[in-house]
Amino acid sequence: MTLPLELLEILVCPKCRGPLLPRGAAPEALECAACRLSYPVRDGIPILIVDDALPIG
Ligand SMILES: [Zn+2]
């Protein structure tokens, strides 16, 4: 399952409201460069929860 481009364009970081960058082809995660957090995408659904985000290494 892939995310529609229109959906990606309206998704913002829940922490800073900044833009999210897709990582991977699916994508597998959405990254916020400003917060250096990676939000997982599970079954095509972005989990935009700060507590579930992983720090970008
Ligand atoms: Zn952010």
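β3 and β4 make a hairpin with two residues between them, and Asp43 in that turn has a positive phi of about 55 degrees. Strands here are DSSP runs of E at least two residues long, helices are H or I runs of at least four, and both are numbered from the N terminus. This is a predicted model, in which local features need pLDDT of at least 70 and side-chain atom pairs count only at pLDDT 80 or more, while totals for chains, interfaces and linings use all residues. Residues are numbered from 1 along each chain as its sequence is written.

Two bridges join β3 to β4 (residues 45-46), and the strands run antiparallel; pairing calls for at least two DSSP bridges between two strands. Val41 has Pro46 as its bridge partner in β4. β3 also pairs with β5 (residues 54-55), again in the antiparallel sense and over two bridges, with Leu37 standing opposite Pro55.

Then there is β2, which is antiparallel to β3 and joined to it by four bridges. β1 and β2 pair over three antiparallel bridges, with Pro22 partnered by Leu30. Their hairpin has five residues between the strands, and Gly24 in its turn shows a positive phi of about 90 degrees.

What covers β2? Both of its faces are covered, with Ala29 and Glu31 buried on one side and Leu30 and Cys32 buried on the other. Buried means 20 or more other C-beta atoms within 10 Å of the residue's own, exposed means 12 or fewer, and partly exposed is in between, with C-beta atoms placed from the backbone.

The largest nonpolar core has nine residues, namely Cys13, Leu20, Ala29, Leu30, Cys32, Leu37, Tyr39, Val41 and Ala53. β2 (29-32) and β3 (37-42) are the elements that give two or more residues to this core. Such a core is a set of buried Ala, Val, Leu, Ile, Met, Phe, Trp, Tyr and Cys residues joined through C-beta atoms within 7 Å.

Leaving out residues up to four places away in sequence, Cys32 touches Cys13, Lys15, Cys16, Gly18, Leu20 and Leu37; contact means C-beta atoms, placed from the backbone, within 7 Å. Lys15 sits in the loop between α1 (5-10) and β1 (21-23). Lys15 counts as partly exposed because it has 15 C-beta neighbours inside 10 Å. The C-alpha atoms of Lys15 and Cys32 are 9.2 Å apart, with the residues 17 apart along the chain.

Conventions:
Contact = placed C-beta atoms within 7 Å.
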